[in-house]
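Q: I have a model open and would like to go through it. Could we begin with the helix packing and then turn to the ligand?
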Amino acid sequence: MQTTLRFDSLLVHGGLEPGPAGATSVPIVQSSSFAYETAEALEDVFRGRAVGQVYTRLGNPTTEALERRLALLEGGGAAIATASGMAAITTTVMTIIRAGDEILASSSLFGGTFSLFRDTLSNFGVTVRFIDPLDLEGFRSAINEQTRLLFVETVGNPKLDVPDIPLLAEIAHQAGLPLIVDATVTTPCLATGASLGADIVVHSTSKYINGAGTSIGGVIIDRGVFDWNSQKFPHFEQFYKKYRAFAFTARARKLVHKDVGACAAPFNSFLLTEGIQTLALRMERHCSNALALARILKRHPKVAWVNYPGLEDSPQHTIAGKLYGGRYGGLLTFGTGEKASAFKVINGLRLAKNLANIGDAKTLVIHPASTICADYNAEEKALMGVTEDLIRVSLGIEDCRDIIEDFEKALDSV
Amino acid sequence: MKITINGKETALAENPARTVESLLDELDVAQRQYISVELNGEILERDAFGNTPVQSGDILEFLYFMGGGR
Ligand SMILES: Cc1ncc(COP(=O)(O)O)c(C=O)c1O
């Protein structure tokens, strides 16, 4: 029955199995390992002859309930929940690439992903080329014999650029390459991996999917649509032979995810199965609050500029409207012309919290240039769209009148 | 006829049309997409499930990758 439910119902019921004593929330199975009556039974599970839990690094009933739901929400496939969004991205990329390979990535990535690609992976013989995700021809022409995957965010954080993911998917597929999409900012609510044409979707579930800022998590969803039977991926051969469409998930589960060990904690998986139930309701409010604040800031005399794809004059408005069903997300950025006044605004806010996160029920702000992007040079900051006066706002789900009053008062101090 | 599935001898009704695919249906094997099949010690290509007949004496392994920690 689950696969026939509509999206908002899947958020609540997807993957849910009857719990002990009729429990309707997902039981927290807080156990590191799982005992078997006989040596034969445990041998069967290790060999794969029987399905069963062994050890929470490899799998856990609470985490599996979350994985079932997230896979259904993306339009089908297999999911692996991880300890963080970065763990999901690292595991995904390490499952696909080997030393000598190249990645083509968007140049306006979240800073942690940028650092993974630029600094960490380069120590393992992997080259990452960063391309403006709006430059489709740039992506097409940068593909070479060594390229093994394309990686983009649905909405760049904090640049808020909106690439045409279906066209990027086409470019990737014409070259026999998978497109990996980080959909943290849009969530499966605004668009599913299936509707975007992504082969593998990753999320930091720490953000909107959790919704309350209570834990860190990530997920990899393999839509089971990419053809891994290719000379580009000889290391997938055995997995392809056995599992065909799910060769990626099999390779991740049997090797990289198991060996890296960045597994989801059962309690965090429980928090996510609770939080995700209200995702659709929250996303509506995040989006409407963002639009309301963007319009107010746009007219404000002390605001130099506002970037929100939902504003009609945003260059991203048309494509964002088309891909995300007329909803434009809960993030906006604005500037007051200089760093000093940006700090004044942040210091003047009472309701909005100054912290490094997005996607909370509470409204959040940060000055990226001095914090999450402080390690990057001027050229890199420019690529990420980070200026010295930029304030990023992650709209919460409060009454939008309170949010607007908070920003108006803070701007008065400038 | 008798075959061996995951180490257990199993008696099946005679059915000359039986393939690996139809056997998976017959046994109602769950989470089919995550299973690999070994037939008489060899990995069976997924595309071959539908046209590989199951014969008396065959030794089959249906192996999940979800559980075990190898
Ligand atoms: C778009 C995006 N991807 C990935 C991440 C990393 O997620 P986590 O902090 O859960 O590791 C973040 C976190 O800020 C993010 O905003």
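Q: Is the crossing of H4(A) and H11(A) right-handed or left-handed?
A: The crossing of H4(A) and H11(A) is right-handed, that is, the near helix is turned clockwise from the far one by less than a right angle. This is a predicted model, in which local features need pLDDT of at least 70, side-chain atom pairs count only at pLDDT 80 or more, and totals for chains, interfaces and linings use all residues. Residues are numbered from 1 along each chain as written, chains are lettered from A and ligands numbered from 1 in written order, and side-chain values use heavy atoms, without hydrogens and water.

Q: At what angle do H4 and H11 of chain A pack?
A: Helix H4 (residues 85–96) and helix H11 (residues 247–260) of chain A pack at about 120°, with axes 9 Å apart. Helices are DSSP runs (H or I, at least four residues), and angles run from 0 to 180 degrees between N-to-C directions of axes fitted to C-alpha atoms over the stretch in contact.

Q: Now the ligand: how many residues surround it?
A: The ligand is surrounded by 14 residues (a heavy atom within 4 Å), and H4(A) gives the most to this shell, with 3 residues.

Q: Which atoms of A:Met86 and A:Ser204 lie 2.8 Å from a ligand oxygen?
A: For A:Met86 it is a backbone N or O atom, and for A:Ser204 a polar side-chain atom. A polar contact here is a pair of N or O atoms within 3.5 Å.

Technical notes
Helices (H or I, at least four residues) and strands (E, at least two) are DSSP runs, numbered from the N terminus. A polar contact is a pair of N or O atoms within 3.5 Å; within protein, one must be able to donate a hydrogen and the other to accept it, and residues adjacent in sequence count only if both atoms are side-chain atoms.
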